[in-house]
2 protein chains.
Amino acid sequence: MAEPTARDVGEFGLIAAVTARLPQSAAVLLGPGDDAAVVSFPDGRVVATTDVLVEGVHFRRDWSTAYDVGRKAAAANLADVAAMGGTATALLVGLASPGDLPLQWALDLADGLRDEAALVGAVIVGGDTVKADQIVISVTALGSLAGPFVLRSGARAGQQVVLAGQVGRSAAGLRLLIEGTLVGPLVDAHRRPTPPYDLGPALAAAGATAMCDVSDGLVQDLGHLAAASGVGIDLVSALLLEEGLDPDDVLMGGEDHALVATLTGPAPEGCRVIGRVVAGEGVRLDGQRVVGGWEHHR
Amino acid sequence: MAEPTARDVGEFGLIAAVTARLPQSAAVLLGPGDDAAVVSFPDGRVVATTDVLVEGVHFRRDWSTAYDVGRKAAAANLADVAAMGGTATALLVGLASPGDLPLQWALDLADGLRDEAALVGAVIVGGDTVKADQIVISVTALGSLAGPFVLRSGARAGQQVVLAGQVGRSAAGLRLLIEGTLVGPLVDAHRRPTPPYDLGPALAAAGATAMCDVSDGLVQDLGHLAAASGVGIDLVSALLLEEGLDPDDVLMGGEDHALVATLTGPAPEGCRVIGRVVAGEGVRLDGQRVVGGWEHHR
């Protein structure tokens, strides 16, 4: 017998099968199944962000399992919440897919989203599923704050630039996949990034003056932070580059979802200093201006 | 000179051009441009819902303007918030589109989303834009509550069934479009539904025991409400059907985003009684069981 598809079980069958796999949490006043979910944010402030992943652009079904795609789709959003100094509470997921999508693929995707969310105590509270020619996964994360949120625009000359998590591994893994290498730690890093979620709130508590998620490449994302803050960034290759990683991957590679922040005082454990905020503009490595990174539609 | 496309301006150019058109509101502590938005919900409860619209499934570019698609995409979500008894505060929008999408199409889409959201005082606080083969628009609405939220599961035998807004007009308009009629009030109702947003909170305040949005067809959505409540619904054709509308469109047609609710006391002005909650199960019209409506992947 053929594997059941989305078409075989229909929209409501698919939603019921997915929903049955999803735990809820004390913050969820109403979970999936009604017109909308209701979630508690006792502080009265909600951090909200959306990321969209497209088959053939952000993932390939022959390179990544549905479970890994789910982990990665959740990670991109949870990291954005962490980059504000917040912690995600709830996810909403829109899945557009062809009717011949195997039901098991959708269930594995849900499991991946669920398990990545569980790393920060978040749960999936709602979503939508529709027909499309190509798989498009839209994830919205809602999070809470324990203190002030951290913008990109607060960096000031003289402050340290610190990195939480790793950069360059996802890009290196993608190149290996393109070359035909399907196993190994770098390939795994591309399939399933491991953002340092806890270090977002920790950096906020340590007085980070600016912070962002590295999703489009360190140079590009730091460039946005520098522009928003009206400063320059001097990176030091001896502090940043790692043996075994191509400098281009470290500087330009996206999708690792590391966090980069600026601050005056000591950084929390797990972060490392990679440079300094200076007067001026743009990003420099050992004094040389660097530009580049990933941009959609280019 | 050719019209500029998404590819011409790039992801960041597109985001900047869209963001420049978007007002913010007092509830928005941080709008678009950082890793995430921050929105104030003083009550500490957030109503959250996601809907996805796909080109060729939910809309056609030769039948609807981008502005109308934006109105409709926002309406589907704002109505879901209203169906809980809430009022939307903020939208997040994911846009997946081909690189040759005219920039003006994306701007008109944003204007439509913005103007529909403005009807309830909501604003667009964030989003994402990525490459895809087909246009996929994912909208998440976040809303606040002034009192208890209204589930689908609270209907009890003996209560009235009331309708806020109109049903059947979008389906009638869609049939006219398929037949080649491109102008007229029913066609407009398909392109741009007009949900009765204010009546959601009004029905909640009037003691509605169950409520839902009519997005997949009155019979199907009432069927879900009946099943969740463990009751039957008796509709009366003399109260429900309208001259000039096909009974099938009224009963089965989706996408009008009317609200249907059950309650004991008098309904707010603007609602009309269309039937009664009874013991049993399923939906009947003048005593005859009716089933049907729109389901994706079927």
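A: Strand β3 (residues 45–54) of chain A and strand β2 (residues 37–40) of chain B run antiparallel and are joined by four bridges, where strands are DSSP runs of E with at least two residues, numbered from the N terminus, and two strands pair if DSSP finds at least two bridges between them. Within this pairing, A:Val46 stands opposite B:Val39 in β2(B). This is a predicted model, in which local features need pLDDT of at least 70 and side-chain atom pairs count only at pLDDT 80 or more, while totals for chains, interfaces and linings use all residues. Residues are numbered from 1 along each chain as its sequence is written, and chains are lettered from A, and ligands numbered from 1, in the order in which they are written.

Counting residues as in contact if their C-beta atoms, placed from the backbone, lie within 7 Å, 60 residues of chain B are in contact with 60 residues of chain A. Strand β3 (residues 45–54) of chain B gives the largest share of the side of chain B that touches chain A, with nine residues.

Superposed by least squares on the C-alpha atoms of residues with pLDDT of at least 70 in both, chain B falls on chain A by a rotation of 180° with 0.0 Å of shift along its axis (RMSD 0.0 Å). That is the relation of a two-fold axis. The same surface serves both copies, since 100% of the contact residues of chain B recur in chain A. Of the residues of chain B, B:Gly44 comes closest to the rotation axis, its C-alpha lying at 2.3 Å.

Key:
Contact = placed C-beta atoms within 7 Å.
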